[in-house]
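Please consult the sequence and the structure shown below while reading.

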Amino acid sequence: MKRALLATLSAVLCLLPISGCGLESGGSVPLEVGPGSITPVPELKGVPITVGSKDFTEQLVLGYILEFALSAAGAQVRDLTDITGSNSLRDAQLHGQVDIAYDYTGTGWINYLGNENPIPDSGRQFQAVRDEDLSKNGMVWADLAPMNNTYAMVVNGAGAEKTGAKTLSDYARLINTDSSIGPTCLGTEFSVRPDGYPGMAAKYGIDVGKVHKQLMQDALVYPATANNTCEFGSVDTTDGRIKALNLHLLDDDLGFFPKYNAALVMRKSFTDAHPQVAKVLAPISRLLTNETITELNGQVDLHGREPAVVARDWMVSQGFITAR
């Protein structure tokens with residue numbers, strides 16, 4: 001989702017100067033591409049632009065999409081994808097180490113800006129994040145994408161048949177009343193985020209002392225839940241493994257989880273200096289639907305393709321760029 005929090009050790013390290021986090025410079029773009037419908041922009045020729053992303057599949061794909069688009073437009077692009085954690089990416093942007101990245105409106109609203117209550121409408125949530133982050137931090141949010149990679153809980157096929165659980169209220173009731181309920185696998189960041197398990201438990205009245213938790217890397221939650229190591233698990237809704245592994249989404253019937261629409265995030269100084277960047281990228285954001293990003297994620301996580309190749313091939317298929 002989709003949006004990983006920095007692990008405790010990394011958070012401590014990144015309180016030091018940014019160079020201590022290994023973000024001094026980026027690498028080169030992994031694949032060479034040429035113009036398509038995105039043609040060279042004279043104002044961007046040779047302009048150094050560093051693209052960042054977090055460290056999970058969807059973010060890597062989105063980061064490479066940005067890199068290929070800006071390369072086709074003539075910029076001198078540096079690759080700083082695969083940064084560990086939302087807070088690290090955010091710090092890198094605030095300190096000028098990263099110029100542009102896709103981030104999520106729910107993450108911005110709750111984790112970066114410290115708000116407690118999400119706004120249920122995607123458009124209004126975007127507007128609120130955009131306005132507050134600009135006024136407080138000089139960060140620009142632009143070109144909201146249709147895709148909404150929100151958090152969710154799932155139950156595996158056997159658990160669904162045994163418990164009949166269809167909603168998070170069902171899950172809460174089972175946890176609170178049935179000691180035979182199997183473990184819940186939680187991604188490490190989801191287990192501590194205010195918009196993750198702690199907040200969800202409070203909203204649904206879950207007695208956290210009765211939860212048999214198993215914490216693990218986000219990517220491991222899917223197979224662990226599917227193979228019945230856990231009965232329930234935390235997921236990102238645009239992950240292709242949900243359907244492939246016969247995991248059943250539990251309906252968020254009390255509307256706890258925020259909207260996590262992807263949008264471009266840049267410093268105001270960068271957007272003021274290079275307004276052409278948003279114009280180049282706007283047509284791409286409009287095509288990033290849940291169906292599209294779920295398919296791209298699945299090509300990586302289910303079929304073992306490299307995120308950069310998946311991103312390039314999609315960009316080529318849409319006519320934005322050409323492969324070289």
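## The largest cavity

The largest cavity holds about 80 Å³ of space. A cavity here is a set of points on a 1 Å grid over the protein atoms alone where a 1.4 Å probe fits but cannot get out, and a lining residue has an atom within 4 Å of a point. Grid points are joined across faces, edges and corners, and a volume is the space filled by probe spheres set on the points. With a threshold of 30 Å³ or more, the count comes to one cavity. The model is predicted, so local features need pLDDT of at least 70 and side-chain atom pairs count only at pLDDT 80 or more, while totals for chains, interfaces and linings use all residues. Residues are numbered from 1 along each chain as its sequence is written, and side-chain values use heavy atoms, with hydrogens and water left out.

The cavity is lined by Tyr151, Gly187, Glu189, Phe190, Asp218, Val221, Tyr222, Ser234, Val235 and Asp236. At least two of the lining residues come from each of helix H9 (218-226) and strand S10 (232-236). Helices (H or I, at least four residues) and strands (E, at least two) are DSSP runs, numbered from the N terminus. By class, the lining has five nonpolar, two polar and three charged residues. Ala, Val, Leu, Ile, Met, Phe, Trp, Tyr, Cys and Pro count as nonpolar, Asp, Glu, Lys and Arg as charged, and the others, Gly among them, as polar.

## The second largest pocket

A pocket is an open set of grid points with protein on both sides within 12 Å along at least five of seven lines. The second largest pocket has a volume of about 300 Å³. Its lining comprises 19 residues, and Thr150, Tyr151, Asp252, Phe257 and Lys259 lie nearest its centre. Strand S7 (residues 151-155) supplies the largest share of this lining, namely three residues. Twelve of the lining residues are nonpolar, four are polar and three are charged.

## Strand S7 and its sheet

S7 is largely enclosed by the rest of the structure, because five of its five residues are buried. Buried means under 20% relative accessible area, exposed over 50%, and partly exposed in between (1.4 Å probe, protein chains only). In a regular strand the side chains alternate between the two faces of the sheet. In S7, Tyr151, Met153 and Val155 point one way, and Ala152 and Val154 point the other way.

Five strands form an open sheet of mixed pairing, in the order S9-S8-S10-S7-S11. Its edge strands are S9 (213-216) and S11, each of which pairs on one side only. Two strands pair if DSSP finds at least two bridges between them. S7 and S10 run antiparallel and are joined by five bridges; Met153 has Ser234 of S10 as its bridge partner. S7 also runs antiparallel to S11 (residues 248-249), with two bridges between them, and Val154 is partnered by Leu249 of S11.

## The disulfide

One disulfide is found in a search of the whole structure, the term denoting a pair of cysteine sulfur atoms within 2.5 Å. Cys185 and Cys230 form this link, with their sulfur atoms 2.0 Å apart. The link is right-handed, with 75 degrees about the S-S bond. Cys185 lies in strand S8 (residues 184-187) and Cys230 in the loop between H9 and S10, so the pair ties together parts that are 45 residues apart in sequence. Both Cys185 and Cys230 are buried.

Arg78 belongs to strand S4 (residues 76-80) and is partly exposed, with a relative accessible area of 31%. Although 28 residues separate Arg78 from Thr50 in sequence, the two are 4.6 Å apart in space, C-alpha to C-alpha. Not counting residues up to four places away in sequence, Arg78 touches Gly26, Gly27, Ser28, Ile49, Thr50, Val51 and Glu67; contact means heavy atoms within 4.5 Å.

Asn297 is located in helix H13 (residues 290-301) and is buried, with a relative accessible area of 3%. Leaving aside neighbours within four places in sequence, Asn297 is in contact with Thr57, Glu58, Thr238, Asp239 and Gly240. Asn297 and Val33 are 264 residues apart in sequence and 21 Å apart in space, C-alpha to C-alpha.
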